[in-house]
Amino acid sequence: MTELTEDNLQEIISTNEKVIVQFGATWCGACRVMKPRVKKLAESTDGVIFIYADAEKFTESRGVTVVRNLPTFAGFVNGELVAKSTGSKIDALVELVDEVVKA
């Protein structure tokens with residue numbers, strides 16, 4: 001999983017076929033709990049780029065989808081949003097990853 005170091009998420013989404021983004025924040029406990037789980041999924045999922053975006057730090061990147069709660073997960077295929085999940089339920093995240101992989 002790659003952590004954004006600049007506000008360029010739109011560029012990453014548009015130049016990679018399959019991307020999953022975790023929007024989080026340093027103060028968000030659920031985000032901290034999910035981050036290692038997402039990293040584990042990233043290591044075992046081929047053909048998908050996993051990105052962590054700090055929703056407070058990278059406000060332009062947050063604009064690729066509506067982020068109302070944290071953590072928010074968004075799956076993109078060929079630049080289009082195909083799946084979205086909010087919260088810290090690992091089953092919902094696994095479903096999102098499967099949907100992106102199968103697209």
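# Report on a predicted structure: helices, cores and selected residues

Leu 93 is placed in helix H4, which covers residues 90–102. The structure described here is a predicted model.

## Leu 93 and its surroundings

Is Leu 93 buried or exposed? Its relative accessible area is 1%, and a residue counts as buried under 20%, so Leu 93 is buried. Apart from residues up to four places away in sequence, Leu 93 touches Met 34, Val 38, Leu 41, Phe 73 and Ser 85. One of these, Met 34, is 59 residues from Leu 93 in sequence, while the two C-alpha atoms are 9.4 Å apart in space.

## Helix H2

Helix H2 comprises residues 29–44, 16 residues in all. From its first C-alpha to its last, H2 reaches 24 Å, close to the 22 Å expected at 1.5 Å a residue. Where does H2 bend? The bend, of about 30°, is at Lys 35, and a proline, Pro 36, follows within four residues.

The buried residues in H2 include Met 34, Val 38 and Leu 41, and these three residues are also touched by Leu 93. Cys 31 and Ala 42 of H2 are buried as well. An α-helix has 3.6 residues a turn, so residues three or four places apart point the same way. The cover over the buried residues of H2 includes strand S2 (18–24), strand S3 (49–54), strand S4 (72–77) and H4.

## Tyr 52 and Lys 35

Tyr 52 belongs to strand S3. With a relative accessible area of 6%, Tyr 52 is buried. Its contacts, leaving aside neighbours within four places in sequence, include Met 1, Thr 2, Glu 3, Leu 4, Gln 22 and Lys 35. What sits over the ring of Tyr 52? The charged end of Lys 35 does, 4.1 Å from the centre of the ring. The count of aromatic pairs is 0.

In soluble globular proteins, nonpolar side chains tend to be buried together. The largest nonpolar core in this model has 15 residues, and those with the most contacts inside it are Leu 4, Leu 9, Val 21, Phe 23, Ile 51 and Phe 76. Helix H1 (9–15), S2, S3 and S4 each give two or more residues to this core. Another core, of 14 residues, lies apart from it and has Ile 20, Phe 50, Ala 83 and Leu 96 among its members.

## Loops and backbone features

Pro 71 is in the loop between helix H3 (59–62) and S4. A cis peptide bond joins Leu 70 to Pro 71, with omega of about -5°. Asn 78 is in the loop between S4 and strand S5 (80–86). Asn 78 is not a glycine, yet its phi is positive, about 50°. Gly 47 is found in the loop between H2 and S3, and its C-alpha atom is 22 Å from that of Ser 61, 14 residues away along the chain.

| Residue | Relative accessible area | Class |
|---|---|---|
| Leu 93 | 1% | buried |
| Tyr 52 | 6% | buried |
| Asn 78 | 56% | exposed |
| Gly 47 | 64% | exposed |

Asn 78, at 56%, and Gly 47, at 64%, count as exposed because each value is over 50%.

Technical notes: Residues numbered from 1 in each chain as written. Predicted model: local features only at pLDDT ≥ 70, side-chain atom pairs only at ≥ 80, totals over all residues. Heavy atoms only, no water. Buried < 20%, exposed > 50% of the residue type's maximum accessible area, 1.4 Å probe, protein only. Contact = heavy atoms within 4.5 Å. Phe/Tyr/Trp six-rings, centres within 6.5 Å; stacked < 30°, edge-to-face > 60°. Lys NZ or Arg CZ within 6 Å of the ring centre and 35° of its normal. Expected span 1.5 Å × (residues − 1). Bend = angle between axes of the 7 residues up to and from the residue. Core = buried A, V, L, I, M, F, W, Y, C linked by side-chain atoms within 4.5 Å.
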